[in-house]
Amino acid sequence: MADKISEIAKNFHGEHRGNCAMSVAYGYMRVMGKSEAEALESAEMFRNFGGGRAPDGTCGALHAALSLSPQNAAELKEIFRMGAKGCTRCSEIRPNAIIPCNRCVELAGEALDSLNK
């Protein structure tokens, strides 16, 4: 199994197993050693935060990363912002095709991965 949140989350999202927020949560939980069932259960808690429905319109992938590691919020936002051309909101990213949703998932995962170095 891949040992990076970004890879697991991107694959989960690419296989249409969950939305952007769910995918990041799933990847995070798998890397933290949770079972498939535990990771899916955790991902389910983020079902309502995809498609621009996260608080303040934040990208759901970023919202999940922030929820999973709130003590690193500033660093996570900065890494995400750099990769998303200064954007953090779904309403900025999706309609303007800044980066694809799958890249948002990967980017949020990379931000979380960077904390584990």
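Is threonine 88 buried or exposed? The views below take up this residue and several others.

This is a predicted model, in which local features need pLDDT of at least 70 and side-chain atom pairs count only at pLDDT 80 or more, while totals for chains, interfaces and linings use all residues. Residues are numbered from 1 along each chain as its sequence is written, and side-chain values use heavy atoms, with hydrogens and water left out.

**View 1. Threonine 88 in the loop between helix H5 (73–83) and H6.** Helices here are DSSP runs (H or I, at least four residues), as strands are (E, at least two), numbered from the N terminus. Threonine 88 is buried, with a relative accessible area of 17%. Buried means under 20% relative accessible area, exposed over 50%, and partly exposed in between (1.4 Å probe, protein chains only). Not counting residues up to four places away in sequence, threonine 88 touches Thr58, Cys59, Leu62, Phe80, Arg81 and Ile93. Contact means heavy atoms within 4.5 Å.

**View 2. The largest cavity and its lining.** Rolling a probe the size of a water molecule over the atoms shows where empty space is left. A search of the whole structure finds one cavity of 30 Å³ or more, and the volume of the largest cavity is about 60 Å³. On a 1 Å grid over the protein atoms alone, a cavity is a set of points where a 1.4 Å probe fits but cannot get out, and lining residues have an atom within 4 Å of a point. Grid points are joined across faces, edges and corners, and a volume is the space filled by probe spheres set on the points. The lining consists of Cys20, Gly51, Cys59, Gly60, Cys90, Ile93, Arg94, Cys101 and Cys104. Helix H6 (90–93) and helix H7 (101–115) are the elements that give two or more residues to this lining. By type, the lining residues are six nonpolar, two polar and one charged. Ala, Val, Leu, Ile, Met, Phe, Trp, Tyr, Cys and Pro count as nonpolar, Asp, Glu, Lys and Arg as charged, and the others, Gly among them, as polar.

View 3. The buried residues of H2 pack against helix H1 (5–14), helix H3 (36–44), helix H4 (60–68) and H7. At the N-terminal end, asparagine 19 caps H2, with a side-chain oxygen 3.0 Å from the backbone nitrogen of alanine 21. After H2 comes glycine 33, whose phi is positive, near 95°.

**View 4. Methionine 29 in helix H2.** Methionine 29 counts as buried, at 15% relative accessibility. Its contacts, leaving aside neighbours within four places in sequence, are Lys34, Ala39, Ser42 and Leu68. Methionine 29 and leucine 40 are 11 residues apart in sequence, and their C-alpha atoms are 8.6 Å apart in space.

**View 5. Histidine 16 and aspartate 56, two residues with positive phi.** Most residues other than glycine have a negative phi. Histidine 16, in the loop between H1 and H2, has a positive phi of about 60°. This histidine is exposed, with a relative accessible area of 74%. Aspartate 56 is found in the loop between H3 and H4, and its phi is near 60°. Aspartate 56 is exposed, with a relative accessible area of 63%.

Methods. 1 Å grid on protein atoms, 1.4 Å probe; cavity = no way out; pocket = protein on both sides within 12 Å on 5 of 7 lines; lining within 4 Å. Polar contact = N/O pair within 3.5 Å; in protein donor to acceptor, adjacent residues only side chain to side chain.
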